[in-house]
Amino acid sequence: MSSIIQPTHTDEMQVYIMPADQGEQERLDMQHRLIVKLFDSKLSILPISLKEGDRVLECGAGTGIWMLEFAAQLPPTVQIHGIDITSGLFPTSYPDNIRFTVHSVTSLPESWTSSYNFLHQRFLIGGLTKDMWKSATMEMFRVLVKGGWIELLETAVGGTNPIPRYSYSRFVAGGRFC
Ligand SMILES: C[S@@+](CC[C@H](N)C(=O)[O-])C[C@H]1O[C@@H](n2cnc3c(N)ncnc32)[C@H](O)[C@@H]1O
């Protein structure tokens, strides 16, 4: 008899304080709708053109709402993979080209090196300490293919968030990495 071992991310779960329940699910989906409206209905502001067989990684997937809507705009052969430290908010039904796994962005599997064409991450400000941001950033670059894209969307709180300092709008940062 085999059993599935779910990785646990004790440090990350202690840092991230929000729950994974129905109320949080509703909050995240409403937040998503507001953000998309703010960005003129765009799910990504980068000039990306994904083609058949390309792979997308969504870090801190939450309810997966961004993935589900992004998938609807892409060829069905583009694979969209969502990771989160908890499966508590993952949706129960989704298309075949979407999958969810429990992983921390600070520590991704070695086998994922140079695997993803586009990496999207949104609102991890409350989930990562300064040191965790360093690990997460290094992991994101490691799993990205040469010429791939990274898009980070965060909000500034009290000027301590390292991401907005490098962004052109103090809100979103993105770029292509060759
Ligand atoms: C504020 S929610 C945002 C969810 C989604 N990105 C969105 O914009 O709707 C942050 C999510 O990141 C997850 N998270 C926190 N720390 C994480 C980590 N180290 N690695 C991956 N996911 C993490 C949380 O469990 C939560 O689902």
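The model is predicted, and local features are reported at a pLDDT of at least 70, side-chain atom pairs count only at pLDDT 80 or more, and totals for chains, interfaces and linings use all residues. Residue numbers start from 1 along each chain as its sequence is written.

**Ligand shell**

The ligand is surrounded by 22 residues, a residue being near a molecule if its C-beta atom, placed from the backbone, lies within 6 Å of it. The closest are Glu12, Gly60, Gly62, Arg122 and Gly127. By class, the shell holds twelve nonpolar, seven polar and three charged residues, where Ala, Val, Leu, Ile, Met, Phe, Trp, Tyr, Cys and Pro count as nonpolar, Asp, Glu, Lys and Arg as charged, and the others, Gly among them, as polar. Helix H2 (22–38), helix H3 (65–71) and strand S2 (79–84) each contribute at least two residues to this shell; helices (H or I, at least four residues) and strands (E, at least two) are DSSP runs numbered from the N terminus.

**Strands and crossovers**

Strands are taken to pair if DSSP finds at least two bridges between them, and the table lists three such pairings.

| Strands | Bridges | Direction |
|---|---|---|
| S1 and S2 | five | parallel |
| S1 and S4 | four | parallel |
| S4 and S5 | six | parallel |

In strand S1 (residues 55–59), four of the five residues are buried, that is, 20 or more other C-beta atoms lie within 10 Å of their own, with exposed meaning 12 or fewer, partly exposed in between, and C-beta atoms placed from the backbone. Leu57 of this region stands opposite His81 in S2, and the chain passes from S1 through H3 to S2 in a right-handed β-α-β crossover, which means that, with the strands pointing away from the viewer, the path from the first strand over the helix to the second runs clockwise.

Leu57 also has Leu119 as its bridge partner in S4, while Glu58 is partnered there by His120. Because six of its seven residues are buried, S4 is largely enclosed by the rest of the structure. Arg122, one of the closest residues to the ligand, has Leu153 as its bridge partner in S5, and the chain crosses from S4 through helix H4 (residues 130–143) to S5 in a right-handed β-α-β crossover.

**Positive phi in two loops**

Ser114, in the loop between strand S3 (98–102) and S4, has a phi near 55 degrees, a positive value in a residue other than glycine, and is exposed, with 11 other C-beta atoms within 10 Å. Phe123, in the loop between S4 and H4, likewise is not a glycine and has a positive phi of about 60 degrees; with 17 C-beta neighbours inside 10 Å, Phe123 is partly exposed.
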